[in-house]
Amino acid sequence: MERTLLMIKPDATARNVIGRIISMLEENGFKVVAIKSKHFSREEAERFYEVHRDKPFFDDLVNYITSGMVVGIMVERENAVKALRELVGATNPKEARPGTIRAVFGESIERNAVHASDSYENAQRELSFFF
Ligand code: CMP
């Protein structure tokens, strides 16, 4: 059984949709293994998103992700990394398939409600920020 990370971002925690996002995980066969809320420091946010350090949106991304509470959820399922990316949908909510978490809860490409690890290796790395 594979484990991965879903992180609920500040726009979604501020809008009180944490429970509805967890319901979508459970309805789609994911077992919730652990949950932790957290407020990223600048240094943690820069390390979490280090692959994007050279992107033009990096500073905005770090400002946004440190602006409020995030919730880290460790989930378990067969093919969890791939299955969670499918349930989360495209980065830009406007392009996300209807019914995906970002299509339902995302506001913009930056304020897109959730983050999901994109590989098994990144799941291990990103889970270690919370657990
Ligand atoms: P996430 O899956 O958390 O991974 C990196 C994040 O950077 C992404 O979701 C978006 O929130 C953000 N992002 C990606 N592309 C852009 C962009 N063009 N402009 C602003 N933010 C972006």
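The following legends describe close-up views of a predicted model. Local features need pLDDT of at least 70, side-chain atom pairs count only at pLDDT 80 or more, and totals for chains, interfaces and linings use all residues. Residues are numbered from 1 along each chain as its sequence is written, and side-chain values use heavy atoms, with hydrogens and water left out.

**View A. The open sheet of four strands.** The strand order is S2-S3-S1-S4, with antiparallel pairing (strands are DSSP runs of E with at least two residues, helices runs of H or I with at least four, numbered from the N terminus; two strands pair if DSSP finds at least two bridges between them). Strand S2 (31–38) and S4 each have a single partner strand and stand at the edges, so one side of each lacks a neighbour in the sheet.

**View B. The pairing of S1 and S3.** Seven bridges join S1 and S3 in the antiparallel sense. Leu6 lies opposite Ile73 in S3.

**View C. The buried residues of helix H7 (residues 120–127).** Ala123, Glu126 and Leu127 are buried (under 20% relative accessible area, 1.4 Å probe, protein chains only). Seen down the axis of H7, these residues fall within an arc of 95°, so they line one face of the helix (the arc is that of the directions from the helix axis to the C-beta atoms). They pack against strand S1 (2–8), helix H3 (42–48), strand S3 (70–77), helix H5 (80–88) and strand S4 (114–116), with contact meaning heavy atoms within 4.5 Å.

**View D. The buried residues of helix H4 (residues 58–65).** Phe58, Leu61, Val62, Tyr64 and Ile65 are buried in H4. Seen down the axis of H4, its buried residues fall within an arc of 165°, so they line one face of the helix. Their packing partners are S1, helix H1 (10–14), H3 and S3.

Technical notes: Buried means under 20% relative accessible area, exposed over 50%, partly exposed in between (1.4 Å probe, protein chains only).
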